[in-house]
Amino acid sequence: MEYLNNFKTIMELKRYSSNTIVTYVGLLKTFFESNHLNSHKLEDASEKEIIPIMIAHINARNYGYTSQKQFISALRLFFMEVFRKKMDFQSIYPTQKPHSLPNILSQSEIRLLLKSVSNLKHRAMLTTIYALGLRSGELLRLKISHIDSDRMLVSIIASKGKKDRIVMLPPKLLQLLRKYFKKYRPTNYLFEGRQGGMYSSASLNKVFTMTKQRAGIIKHATLHTLRHSFATHLLEKGTDVRIIQKLLGHNNIGTTLLYTKVSNNVIGQVRSPLEDL
């Protein structure tokens, strides 16, 4: 798929984030292969021809709001960058995001999860995500040089929106990372694959899924649940929501305030009007 490789190269040159590149290329590869679309069919395709194929693909894959939005954005960008064609897919672009609350693991569930990991590297990765409230991509991009054990701080570089931020380095995490480092001796990235280089996103997700099963946790949870749980547990301990906003790297405090809706402490402290009767 030379045209897909060209698209990937263009995105890299335009400095799209590695997560966006992987997501867009993966979605398009699946679309092109499953619908037998080659460069000639694509270059000559009109919106009238391509949209019904897109709709069938979205339905067949049962895409949710986010996946549908990413798929449409990826294809629109592909046509623009590779064929210099401006395609209007607004008619099938999702307009209303479902306002579902994030799933949260309790601290006892987090403790059980982390105790269920026998592999030191795997335990260090999952612990780091929860301890620092990281996105999975932020963990994978962490480098040894980003860890400042003198100041007990960690630099999160080029996170979502190409922003940098600084978070605290908990002593318990530092102790675990030193033990991990002594055994695995990474050279550049904090967590590297077997052949060196950045640890893969697919492998990290597999680690979490297997660990969750081993821990016997049946609640729906993903890697991102560790980040949600980090924020909620901080809120329940009385941490100012503006500090949590900074730690998570949210632009809008409204995004951070979502955690007040799932915090047991916040909900539990509300006085019912029944008490005033």
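**View 1. Three strands make an open sheet in the order β1-β2-β3, with antiparallel pairing.** This is a predicted model, in which local features need pLDDT of at least 70, side-chain atom pairs count only at pLDDT 80 or more, and totals for chains, interfaces and linings use all residues. Residues are numbered from 1 along each chain as its sequence is written, and side-chain values use heavy atoms, leaving out hydrogens and water. Strands (E, at least two residues) and helices (H or I, at least four) are DSSP runs numbered from the N terminus, and two strands pair if DSSP finds at least two bridges between them. At the edges sit β1 (147–148) and β3 (165–168), each pairing on one side only.

**View 2. Here is the hairpin of β1 and β2, with 4 residues between the strands.** The two are joined by 2 bridges, and Asp148 has Leu153 in β2 as its bridge partner. In the turn, Met152 has a positive phi of about 60 degrees. On to β3: 4 bridges join this strand to β2, and Leu153 is partnered there by Met168.

**View 3. Side chains alternate along β2.**

**View 4. Meet the largest nonpolar core, with 45 residues.** Such a core is a set of buried Ala, Val, Leu, Ile, Met, Phe, Trp, Tyr and Cys residues joined through side-chain atoms within 4.5 Å. Leu126, Phe191, Leu204 and Leu226 touch the most other members. Helix α7 (120–132) gives the most, with 8 residues.

Methods. Buried means under 20% relative accessible area, exposed over 50%, partly exposed in between (1.4 Å probe, protein chains only).
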